[in-house]
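Here are my notes on the model you passed along. Have it open beside the text if you can.

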Amino acid sequence: MEIWDLLDQEGKKTGQTIQRGKPLPEGYYHLVVHTWIVDQDHVLVTRRALEKPHPGMWETPGGSALSGESSREAAVREVKEEIGMELELSKLDKLKRTWHDSYVHDIWFVERPFSLERLDLQREEVSEARRIKLETLHEWIRQDCLITGLQASANEMVERAGK
């Protein structure tokens, strides 16, 4: 059973929590994180398991923050759980924060070498991982391959990676 912190309209923790699956009270949000992992001119993308909402769509490791976690801590935990990769908290840079009907979405960015062969995919969450060129990402966006929440940050991520 997951417990989430409730956030107010400014994205601050209210001191209240809610169980995953329960409807959020009007005017409250929960925190969702995703992390762009970049290795030189490549980015890591993962495919959502078919049993999940938005089945088969491409994204980056991510999910809901648990009660008591910071956004950065949630990003590190989700990456570890979904693909088995260890990240250092201090290496993550916040790329963007967006607001949605029921959640606040923090997008993180980290530069780190990676190899697909060394990933340990959590099959309930991730069906596949790919290493794609940054320039290919624009085509994926045009083809609507990425989940909506990440499309909004892809251009910024490519700019950051390209320095």
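1. First, the ground rules. This is a predicted model, so to speak of its local features a pLDDT of at least 70 is needed and side-chain atom pairs count only at pLDDT 80 or more, while totals for chains, interfaces and linings use all residues. Residues are numbered from 1 along each chain as its sequence is written, and side-chain values use heavy atoms, with hydrogens and water left out.

2. On to the packing. Helices (H or I, at least four residues) and strands (E, at least two) are DSSP runs, numbered from the N terminus.

3. Beyond its neighbours within four places in sequence, Leu87 is in contact (heavy atoms within 4.5 Å) with Thr35, Val76, Val79, Leu92, Val110 and Arg112.

4. Now the pocket. A pocket here is an open set of points on a 1 Å grid over the protein atoms alone, with protein on both sides within 12 Å along at least five of seven lines; a cavity is a set where a 1.4 Å probe fits but cannot get out, and lining residues have an atom within 4 Å of a point. The largest pocket has a volume of about 610 Å³, counted as the space filled by probe spheres set on the points, which are joined across faces, edges and corners. Of its 26 lining residues, Arg20, Val32, His34, Arg48 and Gly63 lie nearest the centre. Strand 3, strand 6 (62-64), helix 1, strand 8 and helix 3 (148-162) each give two or more residues to the lining.

5. What is the make-up of that lining by class? The largest pocket has seven nonpolar, ten polar and nine charged lining residues; Ala, Val, Leu, Ile, Met, Phe, Trp, Tyr, Cys and Pro count as nonpolar, Asp, Glu, Lys and Arg as charged, and the others, Gly among them, as polar.

6. The model has one cavity of 30 Å³ or more, and the largest cavity holds about 40 Å³ of space. Its lining is Asp5, Leu7, Lys13, Leu31, Ala65, Leu66 and Glu69.

7. There are two aromatic pairs (Phe, Tyr or Trp rings, the six-membered one for Trp, with centres within 6.5 Å; planes under 30 degrees apart are stacked, over 60 edge-to-face, the rest tilted). Tyr29 and Trp99 have ring centres 5.2 Å apart and planes at 85°, so they are edge-to-face. Trp58 and Trp140 are also edge-to-face, at 5.1 Å centre to centre and 65° between the planes. This second pair links strand 5 (residues 58-59) to helix 2 (residues 134-142), with the two tryptophans 82 residues apart.

8. Finally, Ser71 in helix 1. Ser71 counts as buried because its relative accessibility is 11%, and buried means under 20% relative accessible area, with exposed over 50% and partly exposed in between (1.4 Å probe, protein chains only). Leaving out neighbours within four places in sequence, Ser71 is in contact with Leu31, Val33, Asp106 and Trp108.
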